[in-house]
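I opened this model to look up its charged side-chain pairs and then its sheet. My notes follow the structure.

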Amino acid sequence: MSETSRLSIENLVKEYPSAGGVLRVLDGASLSANPGDSVAITGPSGSGKSTLLYIAGLLEPPTSGKVLLDGHEPWTLDALGQARFRNQQVGFVFQDHHLLPQCTVLENVLIPTIAASREAASATGSETRASQLLQRVGLQDRIHHRPAQLSGGERQRVAVCRALINQPKLLLADEPTGNLDRKTADVIGSLLLEVARESGAILICVTHSGELAERFPRRYELVDGKLVDVSK
Ligand code: ADP
Ligand code: MG
């Protein structure tokens, strides 16, 4: 695996303006990861976990600090470059699946390929890949269902497939099991770890669940805006 496919998050600071003055949510958060690494991030509600993931995934700009992937700084790209980076290098899984209710399972998984289609594989190639991913997560018999016809765990499995469809280098999950019962949460947790390993992506997973975090080889806690290594 090439050394340059490394993710490096350096000294992130994020401040939000607030009524009582500036709110400093991140205060020098740093993390680096190699392809295939799986990292869990825990921390109390409001500690800045989502903010950190959004900065890493180019959804929210940092106040200062750097994000580097492949030796490049995506935050220095122009708007089009940033959009391309988000679409091609990042897969996001949210607490709530964020699937489009009017689209089928297969269509939902294919949505990120529409934006990428001018540069990437043909539509049929994408459809084959979507079908393979859905088979991988055991949903081959649900491809024409709509989200409302699925269980919570099945919807999250579709969201995982959608996050992986463009073969991202970074798989970011923000409390992906937060809305699921324990057993289903377990299944989704395993799935994320397995698919990240199989695809060689860097997985960063924010979670409230100590049980889920325990299954990650690398664990960090967000404390006072900094990432503290709590791996045993
Ligand atoms: P977590 O995901 O750990 O619960 P967040 O990253 O969502 O925490 O938020 C961290 C803190 O930043 C919270 O106190 C939240 O209220 C504040 N915050 C988040 N987004 C904004 C925003 N867009 N504007 C102002 N404050 C925000
Ligand atoms: Mg959050």
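I looked up E211 and found it partly exposed at a relative accessible area of 44%, where buried means under 20%, exposed over 50% and partly exposed in between, with a 1.4 Å probe and protein chains only. I then noted that its side chain meets that of R182 in a salt bridge of 2.8 Å, N to O, a term that stands for a side-chain nitrogen of Lys or Arg within 4 Å of a carboxyl oxygen of Asp or Glu. Because R182 lies in helix α6 and E211 in helix α7 (residues 210-214), the pair ties together parts 29 residues apart in sequence; helices here are DSSP runs of H or I with at least four residues, strands runs of E with at least two, numbered from the N terminus. R182 itself is exposed, at 61%.

This is a predicted model, in which local features need pLDDT of at least 70 and side-chain atom pairs pLDDT 80 or more, while totals for chains, interfaces and linings use all residues. Residues are numbered from 1 along each chain, chains are lettered from A and ligands numbered from 1 as written, and side-chain values use heavy atoms, without hydrogens and water.

I next found E198 and R136 joined by a salt bridge of 2.9 Å, N to O, with E198 in helix α6 (residues 182-199) and R136 in helix α4 (residues 123-136), 62 residues apart. I also recorded a network of salt bridges linking E15, R24, D27 and K226.

Turning to the sheet, I read an open arrangement of 6 strands in the order β5-β6-β7-β3-β8-β9 with mixed pairing, where pairing requires at least two DSSP bridges between two strands.
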